[in-house]
Amino acid sequence: MKARLLTATAVGAVLSVAVLTANVASAQSNELTLCWAAWDPANALVELSKDFEAQSGIKMKFEFVPWPNFADRMLNELNSGGQLCDLLIGDSQWIGGGAENGHYIKLNDFFAAESISMDDFAPATVYAYSTWPKGEPNYYALPAMGDANGWFYRKDWFEREDIKAAYKEATGQDLREPESQKELLQIAQFFQGREIDGQTVYGASIFTERGSEGITMGATGALYAWGFKYENTPGAYDMEGAVNSPAAVEALEFYKELYKTATPPGYDNAYMEQSLDAFKSGQVAMAMNWFAFFPGLAADPTVGGDKIDFFVNPAQNQPASTLGGQGISVVSYSDNVDGALQYIKWFAQPDVQQKWWSMGGYSCHVAVLNDPGFKDSAPFAADFLAAMDNVYDFWQEPAYASLLLAMQDRLHNYVVADQGTAQEALDGLIADWTEVFEDEGKL
C-alpha cells in the first residue's frame, strides 16, 4: 500500500516517466537502422525498402560506411555493444565472430516459426553467409547479397579488326575472352603499353591495396584457380602443404607477374575504386572487380553498353572465384528486435527477392536464380551463376581480422614490394596464422 503515500507531485513524476518510456518504446518500434557499406547495392536497397516502410509502417534509417572504413567502423560498433544498428549486412568473414561473440541473434527458431527455409537459397550463400560453425544448421544471417570477384573488358577493342590481327600475329591465337589465368595474362601483356586511338593503354587493373583486404581478394582469384586450400583437413588447421603447396607458389608468382607486366604504372595500392576508375577512364583493356558493380558499369555512358562485356574468373587447375557478398543479421544489441525480424521476413519473400535483383542487388534466392529467364536478364547474369557455383572464401574464424592482416602484409610485401620469394611469403603466412590459432587455443 505504499502507493497511497505518494504525493501528488510524485504521482505526476511517475506518470511523466511512464509516458516518456511509452513514447520511446513506440518510437523504437516504428524505426529501424540498417547498416552496410556505401556502394551501389546499398542505394538500391534504400529504394527497395520503401515497400517495407509502406507495408509495415516502420521507418527505415540507413548507416552506410565507405568500404575502406566499413570493417573497422562496424566491428568496433559490435565489439562495444553499440545500439546503432538493428540490422547489419556484414561481410561473410564476420559470421564466426558475430556468432561466437554474441553479436548476432541466432535465427533458427524464427526461421522455423515463419516457414523460412534455407533450402530456398543457393547452398554456397547459405554456407558462406549464414552458418556457424561452417556447414552446421545454425543460422545467424539470411543470405542478402550474393557476390564474387569477376572481370569485365573493352569489348569494342577486342572486336576491332586491327587489334585482332595484331594479337593473332603476336600470339598465333584469336583474341577472345580468356579461358585460363595464363591466357588472361597473355592478353593483358598484349595490351600493355599499346596505343589505341592516340592513347597509351595498359593490360588490366587488379587489386593490390594493402590497408584493408584488397590484395588478398585479388590474389586469391589466382590462388583458388590453381587449387589453393587453407587447410588439408577442414577444421583441423593443418596448413602445411596446403597454404604453401607448389600450386599455391606458382599462383602467387603468376599474380606478381600480372602486376609487374600488365597493370598501369603506379598501381601499387589499388582496390575497388581504383579498378573502376582505370577502366572508366579508358586506361585498361580488362579489369577485375565485384559483380556488385557490374550493373553500373553496363549502364555507364562512356564505357558501358556495346563497349563492355563480362567474364567469370578464368580457371587454371580448377574453376574458382573469390567470394564476396554478405548476409543480413539481426544485431543482438538492437532495441527493436521484433521490427528487425519483421524486415528479415519481408526481405526473404520471393517477389521481394526478384525486385531486389531487378534493382541492382544480387539475390541469393533459388526462385530468382533458377528462373529460366535469369541468364538473359543482364549481360553478366550467366557469369554470376557460373561464379557462384565455384566460390571460395577467406577464413571465417572469429580471429579473421588478424588472419587477414597477416595475409595482406605477406602478399603485398612479395607482390608489390619485391621482398623475398613466393615460397617464403606463404611459409611466413603459415607461421603467422599458426601463432593466431595458438593464441585462440585451436592448435
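Which residues does R154 touch, not counting residues up to four places away in sequence? Select R154 and find out. The partners are F279, G282, V284, A285, V303 and K307. Contact here means heavy atoms within 4.5 Å.

Before moving on, some ground rules. This is a predicted model, where local features need pLDDT of at least 70 and side-chain atom pairs count only at pLDDT 80 or more, while totals for chains, interfaces and linings use all residues. Residues are numbered from 1 along each chain as its sequence is written, and side-chain values use heavy atoms, with hydrogens and water left out.

**Stop 1: R154**

Stay on R154. It sits in strand β5, residues 149-154. Strands (E, at least two residues) and helices (H or I, at least four) are DSSP runs, numbered from the N terminus. R154 is buried, with a relative accessible area of 8%. Buried means under 20% relative accessible area, exposed over 50%, and partly exposed in between, using a 1.4 Å probe and protein chains only.

The side chains of R154 and D156 are joined by a polar contact of 2.8 Å. A polar contact is a pair of N or O atoms within 3.5 Å; within protein, one must be able to donate a hydrogen and the other to accept it, and residues adjacent in sequence count only if both atoms are side-chain atoms.

**Stop 2: the disulfide**

A disulfide is a covalent bond between the sulfur atoms of two cysteines. The cut-off used is a pair of cysteine sulfur atoms within 2.5 Å. The structure holds 1 disulfide. C35 and C85 form it, with sulfur atoms 2.0 Å apart. The pair links distant parts of the chain, 50 residues apart. C35 lies in strand β1 (residues 31-37), and C85 lies in the loop between α3 (67-79) and β3 (87-91). Look along the S-S bond: the angle about it is -95°, and the link is left-handed.

Are these two cysteines buried or exposed? C35 is buried, at 0% relative accessibility. C85 is buried too, at 3%.

Next, select C364. C364 is in no disulfide. Its nearest cysteine sulfur belongs to C35, 20 Å away. C364 is buried, with a relative accessible area of 1%.

**Stop 3: α2 and α14**

Show helix α2 (residues 40-56) and helix α14 (residues 337-347). They pack at an angle of about 115°, with axes 11 Å apart. Axes are lines fitted to C-alpha atoms, for helices over the stretch in contact, and angles run from 0 to 180 degrees between N-to-C directions. That makes α2 roughly perpendicular to α14. Angles under 35 degrees count as roughly parallel, over 145 as roughly antiparallel, 65 to 115 as roughly perpendicular and the rest as oblique. Among the contact residues are L45 and F52 of α2, and Y343 and W346 of α14.

**Stop 4: α11 and its partners**

Move to helix α11 (residues 246-262) and helix α18 (residues 400-415). Their axes come within 10 Å and cross at roughly 55°. That makes α11 oblique to α18. Residues of α11 including Y255 and Y259 meet L411, Y414 and V415 in α18.
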